[in-house]
Amino acid sequence: MIRIDSVTKRYPDGTVAVDRLSLDIPDRSITVLVGPSGCGKTTTLRMINRMVEPSEGTILIDGVDSRQQSVNTLRRSMGYVIQNAGLFQHRTIVDNIATVPRMLGWSKDKARARARELMERVGLDASFAKRYPYQLSGGQQQRVGVARALAADPPVLLMDEPFSAVDPVVRKGLQDELLRIQEELGKTIVFVTHDIDEAVKLGTMVAVLRTGGRLAQYAPPAELLSDPADAFVEDFLGADRGIRRLSFFSSGGLEPLTTPIVAVDATAEQIAARGATEAPYLLVTGLDGRPLGWSEPGKLTAGQVDAGQLLPYGRPFVAGRDSLRAALDCAVLSPTGWAVAVDAEGRAAGVVSQSAIGEAIRGAHAHAHSAGRAERPTTEDGGGSGKSGQKVVR
Ligand SMILES: Nc1ncnc2c1ncn2[C@@H]1O[C@H](COP(=O)(O)OP(=O)(O)OP(=O)(O)O)[C@@H](O)[C@H]1O
């Protein structure tokens with residue numbers, strides 16, 4: 001564990017960048033420092049590897065004052081990733097990644113073999129090995145930056161706004177990749193961002209800092225969203241915090257109705273029987289069980305279903321795996337107001353009304369309230385890093 005114990009940083013010009021900050025950073029998880037520009041995030045991160053020395057207070061690594069280690073030993077145990085990757089422009093990708101192992105005295109072959117292994121781990125094609133950084137996109141360069149930081153297998157990774165310079169799609173890919181790497185390698189990651197969505201998606205714990213380097217709140221993301229400590233945190237979380245909180249609730253409690261589902265080859269009797277359900281529309285599926293679209297019961301004729309005439313079913317959610325937020329989104333975007341649930345193979349598993357989702361939301365809130373706070377799930381496209389809880393996709 002990294003313990004930041006009542007640490008203050010006062011720069012020579014008198015600026016107090018960090019003010020009596022105390023944080024316990026758990027092992028093998030992602031701790032995010034978030035807050036507005038100038039609130040002391042970078043300074044805090046740099047005090048962990050002693051690029052900046054605290055003016056007061058101590059930083060303990062596994063119970064030992066970080067000042068008791070040599071700076072070199074300390075930094076070797078901490079990979080460091082910055083915005084724009086900070087690659088050596090005159091070195092090939094493979095040699096960029098091999099930098100630290102080479103510094104540690106590994107042979108060129110061994111260091112390059114390690115670098116190639118890491119390229120694969122961060123999702124970089126082996127054909128990039130001999131290229132130079134300028135021949136890679138921004139997102140690819142960031143992957144190289146992550147690979148380079150991981151090269152000597154340090155237990156800790158310090159990441160300073162590593163993904164802020166890339167577009168939202170690439171950024172999402174990099175975030176997902178980081179969650180996957182974290183799950184596989186179990187690193188202790190301290191991650192700085194000014195983007196609260198990124199913080200909520202990646203953080204096991206999130207520290208919200210306010211200007212002047214003071215801690216506003218330190219909590220798991222679900223708790224941050226449900227119980228912001230004060231108006232500053234609430235404001236920083238933004239207006240749609242209620243909706244975003246639904247990302248932490250599983251859709252597993254929903255009970256999709258199967259009766260309004262008819263196969264494209266259904267008989268007149270089957271259509272008639274299905275038409276008598278509580279759903280105002282029928283979901284027509286193909287012979288493979290995948291949804292094709294919605295139809296009013298009276299408009300379906302056995303043997304003559306025209307898929308082109310059906311109402312689009314929108315984006316389905318995977319029952320039990322996706323979150324209540326995803327289910328609600330499907331219902332809101334569906335032309336019928338009903339969400340389509342599918343199984344992991346994409347076959348229709350049932351349909352859910354907005355009011356059923358509303359009930360599930362109320363139930364989840366009540367449960368979270370009685371449990372003290374919402375459980376911290378892991379998510380496929382965000383929200384977690386492989387700890388306890390159910391897989392929920394947001
Ligand atoms: N070397 C320095 N000398 C004096 N003041 C500094 C120095 N480095 C940073 N500061 C000040 O300390 C405060 C915190 O800076 P820091 O870079 O830690 O913030 P930050 O939260 O990372 O900001 P940003 O999100 O804009 O990167 C700012 O007011 C900054 O101007």
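## Starting at strand β1

A strand here is a DSSP run of E with at least two residues, and strands are numbered from the N terminus. With that in hand, look at S6, which sits in strand β1 (residues 2-10). S6 isn't a glycine, yet its phi is positive, at about 50 degrees. Is S6 buried or exposed? S6 counts as exposed because it has 12 C-beta neighbours inside 10 Å, and the cut-off for exposed is 12 or fewer.

Keep in mind that you're looking at a predicted model.

## The whole protein

Now step back. The protein has 394 residues, and 46% of them count as buried. It is built with 14 helices and 16 strands, and its C-alpha trace spans about 80 × 50 × 30 Å along the principal axes. Take the contacts between residues at least 6 apart in sequence: 61% of these join residues at least 24 apart.

The chain is divided into domain 1, covering 2-239, and domain 2, covering 252-361. An unreviewed UniProt entry places the feature "domain: ABC transporter" at residues 2-237. That span is 38% helix and 25% strand, and its end C-alpha atoms lie 26 Å apart.

## Around the ligand

What surrounds the ligand? There are 13 residues around it, and the closest are Y11, A17, S37, T42 and T43. Helix α1 (residues 41-48) gives the most to this shell, with three residues. Sorted by class, the shell has eight polar, three nonpolar and two charged residues.

Helix α6 runs through residues 138-150, so to speak a stretch of 13 residues. From first C-alpha to last it reaches 19 Å, close to the 18 Å expected at 1.5 Å a residue. This helix is mostly covered, with eleven of its 13 residues buried. Among them are Q140, R143, V146 and L150.

Which elements do the buried residues of α6 pack against? On the strand side there are β6 (78-82) and β7 (156-160). The helices are α3 (93-97), α4 (99-103), α5 (108-121) and α7 (168-185).

Between α6 and β7 comes a loop, and D153 is found there. D153 has a positive phi of about 55 degrees, although it isn't a glycine either. D153 is partly exposed because 13 other C-beta atoms lie within 10 Å, a count that falls between the exposed limit of 12 or fewer and the buried limit of 20 or more.

Key. Residues numbered from 1 in each chain as written. Predicted model: local features only at pLDDT ≥ 70, side-chain atom pairs only at ≥ 80, totals over all residues. Near = placed C-beta within 6 Å. Helix = DSSP H or I, 4+ residues; strand = E, 2+ residues; numbered from the N terminus. Nonpolar A, V, L, I, M, F, W, Y, C, P; charged D, E, K, R; others polar. UniProt positions renumbered as here; feature names shortened; annotations may be inferred. Expected span 1.5 Å × (residues − 1). Contact = placed C-beta atoms within 7 Å. Domains from an automatic or database assignment.
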